[in-house]
Structure formats: structure tokens, C-alpha cells
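Hi,

Here is the structure I promised to pass on. Have a look at it first, and then read my notes below.

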Amino acid sequence: MARKVTLYTAQWADMSLETICRKAKAMGYDGLELACNDNHLNLDILSREHCDWILATLKKYGLELYTVSNHPLGQCVCDPIDRRHKNILSPRIWGDGDPEGVRQRATAEMIRLGEAAKMLGVDTVVGFTGSPIWHMLYSFPPVSQDDVQAGFDEFARRFRPILDAYQKMGVKFALEAHPTEIAFDISSARRALEAVGYHPAFGFNYDPSHLGYQGVDYVEFIYTFADRIFHVHMKDVWWSDKPMRAGVFGGHLPFGDVERFWDFRSMGRGKINFEEIIRALNRINYQGPLSVEWEDSGMDREHGAAESLRFVKDIDFKPSAIAFDAGFEK
């Protein structure tokens with residue numbers, strides 16, 4: 001095994017930090033990627049004491065902390081805000097629901113998340129950005145390139161204050177390229193980087209599961225953004241070899257529905273070629289953790305998390321320190 005393997009705690013938000021630490025240690029994980037929620041990292045009560053409690057709990061179980069995440073909060077920085085967002089925000093950030101007020105409070109809270117990361121001794125925050133133009137994708141009436149550019153400009157205007165604050169703190173933001181975000185494939189990720197002027201605090205949380213079913217070259221993503229891969233999620237996805245009743249957009253069906261064209265799967269049970277991913281990560285010298293984000297609607301999560309850990313530890317390997325034909329040299 002070349003890298004540490006961590007468990008992302010968003011899918012375990014119903015458990016106390018003590019419980020998920022105990023379970024992760026028993027499974028054999030090296031550490032956690034800590035999600036913001038009432039039980040794990042609670043920004044509503046953020047303080048030095050709260051962070052010390054988190055670190056002491058992890059230490060009790062011999063676990064390390066490598067990154068913190070808050071996807072719902074980042075989503076609300078650039079999104080058009082509607083009633084769906086109320087369900088993913090704390091009442092303090094939702095306030096009266098005025099869209100611009102929500103975005104401003106989400107921005108300020110994202111900066112506080114950077115402060116939390118620094119107090120916890122980690123230098124990477126993983127999350128979403130939202131997008132002012134995702135709803136215009138494949139739309140009618142047609143969208144002009146001026147409208148698209150305006151969306152990237154708005155993203156840059158709204159996210160630069162966060163990135164500037166992170167840079168001063170020595171913290172990086174890793175966007176999980178994902179449908180509904182400003183970057184969801186190689187082309188849009190490149191454009192997002194250009195929009196923020198290749199800001200040193202802006203990069204990506206690499207997650208192949210959001211790229212494969214779209215038809216995106218998920219291995220090439222690693223090479224294209226070799227210096228911007230700040231964190232890695234290990235998550236698998238399955239897609240059908242034949243046409244389905246619900247296509248790539250999902251047909252408004254829930255995850256796990258048998259009619260879907262694609263669905264997230266536990267590690268090793270989908271179609272992602274993880275060996276090529278490991279080889280690519282070795283070539284770009286990625287030394288960070290591999291974080292298991294377990295999502296599989298058809299499998300018990302504790303079975304899946306334990307199985308996923310075994311898969312990742314088996315598939316991850318160090319690059320060779322010597323050429324295989326070096327022995328023939330005189």
C-alpha cells in the first residue's frame with residue numbers, strides 16, 4: 001500500500017464521532033475525511049474546544065485527520081437559491097431565505113470552514129461551488145456563449161474571496177468536479193481554473209464516479225490537472241452497456257431504481273478502472289490520502305465500507321524505485 005486510506009463521514013452523519021471512529025478503526029482505516037454535520041464537525045459550535053475534542057477523539061482510536069468537507073455549504077455560494085437549499089443548510093445560514101443573503105452567509109461560513117481546517121491541522125477543504133449556469137445546460141431556448149461566460153465570471157467573483165482567505169490561511173479548496181457544479185468534466189474544469197486566474201488555492205477533489213458515466217476520460221482528468229489534484233475520493237459507478245428506459249440524466253428516478261442507466265456502486269463493483277487511476281496518481285506523484293466515499297443503494301453500508309477498504313488497499317501500490325531492466329546494465 002502506498003497511501004493512507006480514509007473514510008469520508010458524510011454517509012455516516014447519523015452516528016456520533018465516537019461511534020464512526022470506533023467502526024472505522026475496527027475496519028482498518030487509517031483516518032477520516034470529516035464532514036460538517038451536527039455529530040462530526042459542527043460549525044454552529046465551532047471553537048478551539050470543539051476542535052480539540054475532535055482531535056482527541058480521533059487520537060483515542062489511532063486515527064488521523066487529513067481533510068474536512070462541506071458540500072452543501074459550498075453549493076449555496078453560486079447556486080440560484082430555492083426551497084431545496086433550505087433542506088441542506090442550518091437555519092443560521094438559511095435565515096429568511098432571501099437568495100443573495102443565503103449566498104453571502106454561505107460564503108462567510110465557507111471561510112469559517114477554512115479556519116476550522118487550520119485549527120484541526122489540515123490544509124485541504126473539499127466541497128462544491130454550486131453553479132449559476134448549470135440549469136442552462138442542454139437548454140432551450142438556446143444559451144449564448146456570452147451567457148455561459150457570464151456564469152463563469154460570476155463563479156469567479158463569488159469564490160475569489162474564499163480562495164483569497166484560504167491562501168492567507170495556508171489552506172486549499174478542492175472542488176469535487178460533479179454535475180450541478182461549475183466544473184463537471186475536463187472542459188468545464190479547465191474553464192473554471194481560467195476564470196479564477198489559476199488561483200493557487202483552487203484545485204480539485206478527484207472523484208472518477210462523477211466522470212465515468214458521463215463519458216469523460218477520468219484518467220486523462222488526472223494528467224490534465226496533475227498539479228491541481230488536492231484530494232482523491234475512491235468511489236465506483238456502474239453504467240449500462242445497453243440503452244435503458246432512463247438515460248444519463250436519470251429520468252427523475254431515485255438512486256437504486258432498476259431502470260436507471262447508471263448508479264453508484266461499492267468499490268470494485270462498478271466499471272471504473274482503478275488500476276489505471278493508481279498508475280496515473282503515481283505518475284503525477286500524488287501523495288495524499290485515498291478517501292473512500294461509500295455510496296451503494298443496494299448494499300449495507302458497513303459491509304460496503306469494509307469491503308471498499310480491502311479493495312483500495314489491494315489496488316494501491318507504490319511506483320517502482322528501479323527500472324525492471326536495470327539489472328542488464330553494465
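Let's start with what I mean by a pocket: on a 1 Å grid over the protein atoms alone, it is an open set of points where a 1.4 Å probe fits, with protein on both sides within 12 Å along at least five of seven lines, and its lining residues have an atom within 4 Å of a point. Before the details, note that this is a predicted model, where local features need pLDDT of at least 70 and side-chain atom pairs count only at pLDDT 80 or more, while totals for chains, interfaces and linings use all residues. Residues are numbered from 1 along each chain as its sequence is written, and side-chain values use heavy atoms, leaving out hydrogens and water.

The second largest pocket holds about 300 Å³, a volume counted as the space filled by probe spheres set on the points. Its lining has 16 residues, and Ile-133, Leu-137, Val-148, Phe-152 and Phe-184 are the ones nearest the centre. Helices H7 (145-169) and H8 (186-195) each give two or more residues to that lining, with H8 giving the most, at three. (Helices, at least four residues, and strands, at least two, are DSSP runs numbered from the N terminus.) The lining splits into 10 nonpolar, three polar and three charged residues; here Ala, Val, Leu, Ile, Met, Phe, Trp, Tyr, Cys and Pro count as nonpolar, Asp, Glu, Lys and Arg as charged, and the others, Gly among them, as polar.

Now for helix packing. The axes of H3 and H7 come within 8 Å and cross at roughly 135° (axes are lines fitted to C-alpha atoms over the stretch in contact, and angles run from 0 to 180 degrees between N-to-C directions). The two helices are therefore oblique to each other, the class left once angles under 35 degrees (roughly parallel), over 145 (roughly antiparallel) and 65 to 115 (roughly perpendicular) are taken out. Gly-74, Val-77 and Cys-78 in H3 meet Phe-155, Arg-158, Phe-159 and Ile-162 in H7, where a contact means heavy atoms within 4.5 Å. That contact has five nonpolar, one polar and one charged residues.

Cheers
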